[in-house]
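Subject: Structure for you to look at

Dear colleague,

Please read them with the model open beside you.

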Amino acid sequence: MSPNATLLHLHFIFAHKLTLNKNIMNKNLVALSLILLTSLLFTNCEKDDPEIPNEEELITSLSYQLSPIGGGDIITLSFQDLDGDGGDSPLITGGILSANQSYVGSLDLMNEAGETPINILLEVVEEAEEHQVFFESNLSTVNITYGDEDANNFPLGVMTTLTTGAPDSGTLTIILRHEPNKSAAGVSEGDITNAGGETDIQVTFPIDVQ
Amino acid sequence: MFNNKFIFCFAFLLAVFNGAAQDCKLNISGQVIDEGTGLPLSYVNVLIREISNGTNTDDTGSFSFNNICEGEYHLIFSHIGCDSKEFHFDLLEDTFLNVILTHTSTSLEGVVIQGKKDNQNNQPNSSVNRQAIEDNTNQNLAGLLENQEGVHLIKNGSGISKPVVHGLYGNRLTILNNGIAQSGQQWGNDHSPEIDPFSADKIIVLKGANAIEFGSGNLGAVVLVEPKKIGREPHLHGQINYAYETNGRGNSLNARLERYTSLFAWRVNGTLKKYGDRKTASYFLNNTGLEEANLSFQLEKSWDEKVFFDFYASTFNTRLGVLRGSHIGNLTDLDQALNREIPFFTEPTFSYKIEAPKQHVSHHLVKFKTKYYYDESQTFDFVVAGQLNNRKEFDVRRSGREDLPALSLQQYTLNTELKYTKDFADIWKLKIGNQNIITDNTNNPETGILPLIPDYISFKNGIYSSLSRQGSKTDMSVGFRYDFENQNVVSITDEIPREIVRFENVFYNFGGVFTFKYNLSNTQSLTVNSGYAMRNPAVNELYSKGLHQGVSGIEEGDVNLKTETAIKNTLEYKWLPNANFSFNTLVYYQHFNDYIFLNPQDEVRLTIRGAFPLFIYEQTDAAIYGLDLSTQFMLGKSFLALLKYSYIKGEDRKNDLPLVYMPPNSLSGSLTFRSNKAIKLFTKLKLEELEITVNNKLVFEQSNLLPEQDFVAPPPTYHLVGLKFSSNLTLPKYKFRFFTKVENLLNSKYRDYLNRQRYFADETGRSFTMGLNFKF
């Protein structure tokens, strides 16, 4: 709001008081209030530009890199939604896995909304006790086991081992929970049922086992 | 007119005569008349505080005290269903008092009439008096209104609630604190009104169509929160209220001091509250505590009975915990929460700790009002008020960001008002007014999150006029209102790179109201109230975007929304055959064109956190109609029965669907025993106005809803029983009042349709409250 409008307002408030004190309440007051009314009608008040918040907490990109044990091409499953919750739809890339193969899986989380990308994974590792990544696949032959631990010897899920079985196609869902109950039944084994907490990430990738 | 400056539960006439002053041989006598019926009122307790001498009025409403010494006395009048009131006077000679008691209320609470009879243009209304406020120390503003017929609450757990009147709330419900439209983030369903009910002496709900004087674009009801004027009491008076509630181990303390001096009159009111985790019938609701600290100051001054100046300043500060288990991520989390018997994060121990998710809210108000009596029939009112509302909401976040609010809004509001009132020909009253509201809303960038609602400045400018006529057989009033609103909005795009976009909106709204009251007889009246109003879309309805953590849904505004219009009709029938019986029925029908509402979409929004339900502001044609019924009657001389019923239905006429979030129907009743005689405990210690109340409340299942309109079916019908015991303890110089009450006596496990936490947890279980009030 421009300071002029405020001043103008105060001026008229003052004018009212003055009139009252002099006890000459008459048509002047009505006239004044009319001026007050019209002055406001034509006061142009521009709101200042807002400061665009620094969305440092936002996660825009997730990638799950699978390196075949014994050598071969690295497969990357990726999810990217640069503009956050609204706007454009996210870009999801699935992958083709080899049958009966073991992979070393590693997770990467980035915020690429700003000019300089921020590594979100560092924050998650720093608070390993308060986070856990869960992996779920509708293919019974795809198994994921944890390859890392937090300070309390509970899994974190940034490093994993993934094994495939017979050829099939399905999905792999990666879930990051904040403040789960890691000591609840089954949670350490990667069962999310009793974990609680809230979901920071939940993305589903199409996968093909060939 | 100048003599009507006091706000008493009574209009007081003092007729004096007879006899010269004789020491300690003076008589005080009088008669009490019920204003509503014009009949004498029996069983009114009359007490002279200084000599602790009390009596009751007889069948003719008469009372008398004999052999009283000359001196200054305080007379206290009390009657079932009315605030007890004090009157100070000098006894110099034998005195006869004509007391007119306003007792026309159809609820247990008395209606307080301020100054000259101005019954809010005959609008249907109901009110909460000071006694009820004192006896509900544990409640917030909305909680106090819950027992009024036609009023419901939208809650977000036990500590956060806002009133719903005839199905309308938020942007459609105007709350006036001390005559000033409460600003702040009223759009949020999880935002309580930031008002300390203890600063008020009465809270009135106007339920009729478009109350013309009270703010622009108002399609719904109006809630008036009003302190009374400071009484002409030369002595320092005050009161202290304290209450302890077992559920939540809550402490509430309130103190009030006031004095009238020849220079000016002043009043100070302060409240402190601290609550910990509440408990349902079987488990704790962790992180549901609250802390509150409020202070208000009121100053009144008059010059030559011509100019009256009124200054009011208040500050309201609160920290509210939100159930930890209700803070969830996406639809999968919600699904999990819905299938749990008790919420996640439930601990077996009690705590006063308030952690994220939580809200820190403060609201400050400064008001100057000048009333100038130009002559016997004309007055000018000039009001200027400033408000500052600060709201910070904290979520559970990563990497120590819990100390950073996820939502941080600051709003400045400047209200100015000029009103001219003219009485003529004894029965006509004309009001002309002009109101200006400047609102400046800013998001603090500290959140690190794109704001849910944008920054804006809005200008509202309204003129109104009403003309009313108060006859012996009929009362009527007509009024119109014209409003101009300019919204200057700056929003941040959700595409990257983030950019700033500006919007400029101009709206013109028109409204009109017509009321006609016909007195069928001395005891019966019929009131028709019809109104038309326009409400332009609010900033949140136009530009919201993002995740609303409280509802765990993505909300999006629509920039193409049009102004909505509504017609409301009410018909009220009142029957007050005598002081022992009353019956009141109110039927209402409100039709909306382009009703703006948050419509759940079929699609879900895919984000990195999973799928979220998507809600978009849309428009439809809607109708809300219902019925409020209430009756009260005396059974014998000591029992008072009260029965209330509310029926309400909302329909989306365009899509032939029920409206979501409509209050369920409810039935409530109470039976009060009141001892008309004082019980002497010791020579000077007496128990007076002893009351025992049993109350019952039945809230029906909201059956007017389709399964696809909500995540889960509305909760089943529930029944609550409560018990209350209260009494005054009178000592020669002082008066104490104490009460004990039990809410949810049967420790019922239930959930309420209008409580958003019903997806996660039960309502609170049994709770005892003990309170003490001391007046001096």
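On helix H3 of chain B, the exposed residues Asp335(B) and Leu338(B) sit on the face that is turned away from the buried side of the helix. Please bear in mind throughout that this is a predicted model.

The buried residues of this helix, which runs over residues 331-338 of chain B, are Asp333(B), Leu334(B) and Ala337(B). Because these residues cover an arc of only 100 degrees around the axis, they fall on the same side of H3(B). What, then, covers the buried residues of H3(B)? The cover includes a strand from the other chain, namely strand S11 (198-209) of chain A.

That strand belongs to an open sheet of four strands in chain A, which has the order S4-S11-S10-S7 and mixed pairing. The edges of the sheet are formed by strand S4 (95-97) and strand S7 (131-137) of chain A, each of which pairs on one side only, and the twist from one strand to the next averages 30 degrees. Within the sheet, S11(A) pairs with strand S10 (residues 168-178) of chain A in the antiparallel sense, over 11 bridges, and Asp168(A) stands opposite Val209(A) in S11(A).

As for chain A as a whole, it contains three helices and 11 strands, which follow one another along the sequence in the pattern α-α-β-β-β-β-β-β-α-β-β-β-β-β. Of its 210 residues, 31% count as buried, and among the contacts in chain A with a separation of 6 or more, 60% are accounted for by residues 24 or more positions apart.

The contact between the two chains takes 55 residues from chain B and 48 residues from chain A. On the side of chain B that touches chain A, the largest share, five residues, comes from strand S27 (residues 455-470) of chain B, while by class that side has 27 nonpolar, 16 polar and 12 charged residues.

Finally, chain B is divided into domain 1 (1-103) and domain 2 (222-775), and the C-alpha centres of these two domains of chain B lie 36 Å apart.

With best wishes

Definitions and conventions: Residues numbered from 1 in each chain as written. Chains lettered and ligands numbered in written order. Predicted model: local features only at pLDDT ≥ 70, side-chain atom pairs only at ≥ 80, totals over all residues. Buried ≥ 20, exposed ≤ 12 C-beta atoms within 10 Å, placed from the backbone. Helix = DSSP H or I, 4+ residues; strand = E, 2+ residues; numbered from the N terminus. Arc of directions from axis to C-beta. Contact = placed C-beta atoms within 7 Å. Pairing = 2+ DSSP bridges. Axes fitted to C-alpha atoms, helices over the stretch in contact; angles between N-to-C directions. Domains from an automatic or database assignment. Nonpolar A, V, L, I, M, F, W, Y, C, P; charged D, E, K, R; others polar.
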